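Colleague: Please give me a close look at a single part of this structure, and then relate it to other parts of the fold.

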Amino acid sequence: MVRLNLKNIVRTAAAIVIFTFACSAISAQQVKYISGHNEWNPDSLGNHRAIVKVLHTAGAASVWIPWRRRDNPAEKNIIVVDSATDKRVYNVKADNLTRESGMIYFEPTSGEGTYYIYYLPYHVDPKSNYPRAVYQKWNNHVGDEWLRGLQNQPVTKANLVCLEAINALNSFYPMEVIATRAEVDGLIAANQNKSYLVFPEDRMHPIKMTTDIPERWINKGANGDFIDTAAKGENFSYQLGMYAFKKELRNVEIKFADLKSTSGEIIPASLFSCLNTDGRNWDNTIVSKTVDVPVGHIQAFWCLVNLPQNTVAGIYKGTVTVTANNAPPTTIKITLIVTDRVLADGGVNEPWKQTRLTWLNSDKGQKNDVIKPYIPLKLSGNTISLLGRKLTIADNGLPAQVETYFTEEMTSIGKLPRQILKAPFQWVVKDKTGTAIKWTTTKPVFNDVEPGQVSWSSTSRSASLLMKVKGGIEFDGFMHYRIQVIALKNIDLSDIAMVIPFKKDVAQYMMGLNLKGTKMPAAYSWKWDVAHKNQDGAWVGDVNAGLQFSLRDQHYVRPLNTNFYLQKPLLLPTSWGNNGEGGIDISENKDKTDVNCYSGKRSMKKGDTLYYDINLMITPFHAINTEQQWSLRFYHKYDNVDSIKAKGATVINIHHGTPINPYINYPFIAHDAMKAYIDSAHNLGLKVKIYNTVRELSNSAYELFPLRSLGHEVYSTGKGGGHAWLQEHLDGDYIAGWYVPEVRDVAIVNSGMSRWHNYYVEGMNWLVNNVGIDGIYLDDVAYDRTTMKRIKRVLTQNGHPGIIDLHSANQYDDRDGFNNSANLYMDQFPYLNRLWFGEYFDYQHNDPAFFLTEVSGIPFGLMGEMLQGGGNPWRGMIYGMTNRMPWSDNADPRPIWKAWDDFGIKGSHMIGYWVKSNPVKTNDSEILATIYKKDKKVMVAIASWAATDKKIKLLIDWNALHIDPAKATIVAPAIKGFQVASQFSASGDIPVEKGKGWLLIIQQQ
């Protein structure tokens, strides 16, 4: 009986809604709205048209179009096309064009028939990835005689058949069909005793407009009851649209009451939440937002409830109340009909019902469990051990010593430590005379000692200052410090500085602070310039020992990157930057290299607190995995899996803009096709990874408008513009992102760190478990290490491979703030499997130090591939790199793959040119050699950085190779596009062309 009654009630409720809407529509002209299937070219005609029917032949026809549009039609062109001939009608005149309607006169050139009136035509470069649509101004070459005839001849009245959008995504109906001014005035007049109106709205009609109310709300009325249905276990949601027509509303809150059924069952208020005011952030902190609604604006409040699966079917009633600090509350009656249907997954497989909004508050992957290959941290005294490294803490809480155990080859962890510091970190505070202040320091207290993190605190005091140090290290070698300097009395200071005293033999290379990867300079000075430079630190070190440092404060917000840095740059740290007084000086001494991070002179009043935040990363993170480098052979293109298998690739990267992953960073719409493709690849032993990151988001995302309702939490503020879709459906204040012309996918740039990262983690989890992805391809990264760790956890769950490769275009340019890609993304490196650096990396004109630090990944435990222009294959092989197939015309690594396989590179021991004991060297410092050693056989990669062609000799330690020189042969196998077959003697000259090299096989016969 319960089931039958519920069905009847659902039918009755639906009938009431339909009847009410139908009756309301009768009172106004009924306009039919349809969505097409891309029948015309929008880049010349626009996305919207009116279809009209001329019933009688005449010299002119007229039609009144109540288009109710969001934009201002003044001066915008109107194009009329005769459907019979598909030709443009030029004799067109428009009258009384308003946002609500317009009168159009035109010449029906074919007499009776159908005509198309395009009313938002624009110009755009259709091939641009960052298009800017410019709406056409009035441009109809109207004949004078026809215009005169309008005054004298009969004008036949045409019928408006419908308003058509080019497709459903471009449709304005119903939530962007505006109410007329008269309708809005009537609504306000009927509610003069109120400060605002509330419009309950279902989840299938996301609120889209912020300064217009839709005609739909005129028909429904304000402050009405809300009725909807949900399944047991469903992630249900609804909206409350708040219209502040009289005044600004401050601190709007949504207060939920229990929903109760007639049988006494309860859906408790504690299960409900408002997405716009409360939630859980990307870093697992609690979100509590103050929402104000400006006068004249509409604010959508998304209300969420995850119904338990054991909810008893029934009709539940209750209320939700909207409050504001400066206006009376409004209570809305809620009726939720819970059906007998049970959803095991919360309904997330039906995302168009907004069932995934709850993902925005997810904490999945937040537990700081140790991720392979890392090992649990161990604390002994003041020393913390982690994979291949040790950190010792001084009494003041700063690093006293950092040691690494990675071998010089970087292929394993050894037993002998390499110390990075010549002396402990120095914290130097000088009074106005330049005299260093002396501190009384307590020993560090270790607060949290967990396998994944160890934290500590220490306090130092002087007569005038108190310094509180809080530090922590994670299992991958990431350290975070917050140093509070508190004035105990008014004081003038000449400097507050931190000095990192590197051992000179460790400080071999540097990257950052406006320097490309380079040999360590003997002296260098740098100043803050956050308006133009995405620079707050550097990496200093050697292949198997180094530190990255970043200087920040409590107000740090991750800036935008990859083309958008200047639109949301770094904030100058109040502490380190000190209004331009701060900077960094590097000086090389006899046995050490000091990095002096100073903040300059300042005055502090009693009680003032400065926050000196520091991020440190101990490198390398792990040994390089050469076996993975030889076996993971990427194919970076959507293609037939049998064809890819035949080419010798083992991993397929599926970019966005492809049939199975069409929409950028939203791989959830074509997921069935994606799964079928991945299944077929798995059957052939191939792995499949997909493009998915968070820098920007497709306009096809079901959650776009709920995300827009969060202000700039998810989407960045900006100047608007860009593609026509953005201009027609968003109220400005956004940054237009990437556009794919082939699928007309338009993206909006995200703001940086936000709850969207929680969704991203949940989405990745869903893709692993429901689609079977083997990993992701990252096209630059717009999130931090917290999200990266979470992603790695869900990608590698239950034995999944979780392969992550990072591509980056060179960030060292003005648009990106002259950062180094490796420096920018180093906090992501511990969880990557491969680098692909990238567009604008110059492999021809940069030295080995640049290759080693910025491209190869080796000093951080990674290996890479090349991109720009196909790379330099000879220099690439010095670092175990090839280019990637088949992204560019000459990017075919198969000849080198074959050379690897013919030699048997799997199981070989890579010894780079940087290894002092490398058994094979050349007699020329500009021509380097790296070897891949096996038993009585070795592959030697030779590459030249010399300015001219040269001849070299090999310097070979035959004993180290276990090869009898009397029985040895040196052969260059034929490799297509790389080298011709050749044979050399151990004592003879080997010619090396400028910018090229050899792959030689030395073996004992």
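Modeller: Threonine 441 stands opposite serine 460 in β34. The model is predicted, with residues numbered from 1 along each chain as its sequence is written; local features need pLDDT of at least 70, side-chain atom pairs pLDDT 80 or more, and totals for chains, interfaces and linings use all residues. Side-chain values rest on heavy atoms, without hydrogens or water.

Strand β34 spans residues 453-461 and runs antiparallel to strand β32, residues 440-441, to which 2 bridges join it. Strands (E, at least two residues) and helices (H or I, at least four) are DSSP runs numbered from the N terminus, and two strands pair if DSSP finds at least two bridges between them. Strand β33, residues 445-449, is also antiparallel to β34, through 4 bridges. Within that pairing, valine 449 stands opposite valine 454. The two strands β33 and β34 form a hairpin, with 3 residues between them. A hairpin also joins β34 to β35, again through 3 residues. Strand β35 covers residues 465-474 and is connected to β34 by 9 bridges in the antiparallel sense. Serine 460 has a bridge partner here, methionine 467 of β35, while threonine 441 stands opposite serine 460 as well.

Strand β52, residues 745-749, pairs with β50 over 3 bridges, and isoleucine 748 in β52 stands opposite leucine 697.

Strand β49 (residues 687-691) contains lysine 689. Is this lysine buried or exposed? Its relative accessible area is 0%, so lysine 689 is buried; buried means under 20%, exposed over 50% and partly exposed in between, with a 1.4 Å probe and protein chains only. A polar atom of its side chain lies 3.4 Å from the backbone oxygen of isoleucine 776. Beyond four places in sequence, lysine 689 touches residues including Phe634, Asn653, Asp774, Tyr777 and Asp805; contact means heavy atoms within 4.5 Å.

Isoleucine 776 also belongs to the largest nonpolar core, of 227 residues, where Trp427, Phe549, Ile773, Ile776 and Phe829 touch the most other members. Such a core is a set of buried Ala, Val, Leu, Ile, Met, Phe, Trp, Tyr and Cys residues joined through side-chain atoms within 4.5 Å. Helix α11, residues 756-770, gives the most to this core, with 8 residues. Apart from neighbours within four places in sequence, isoleucine 773 is in contact with residues including Met674, Val688, Ile690, Met764, Leu767, Val768 and His800. A second, separate core of 33 residues includes Phe236, Ala269, Leu307 and Ile332.

Helix α16, residues 894-903, has the buried residues Ile896, Trp897, Ala899, Trp900 and Phe903. Seen down the axis of α16, these residues fall within an arc of 160 degrees, so they line one face of the helix; the arc is that of the directions from the helix axis to the C-beta atoms. The face turned away from this buried side carries the exposed residues Lys898 and Asp902. Glycine 904 follows α16, with a positive phi near 85 degrees.

Technical notes: A polar contact is a pair of N or O atoms within 3.5 Å; within protein, one must be able to donate a hydrogen and the other to accept it, and residues adjacent in sequence count only if both atoms are side-chain atoms.
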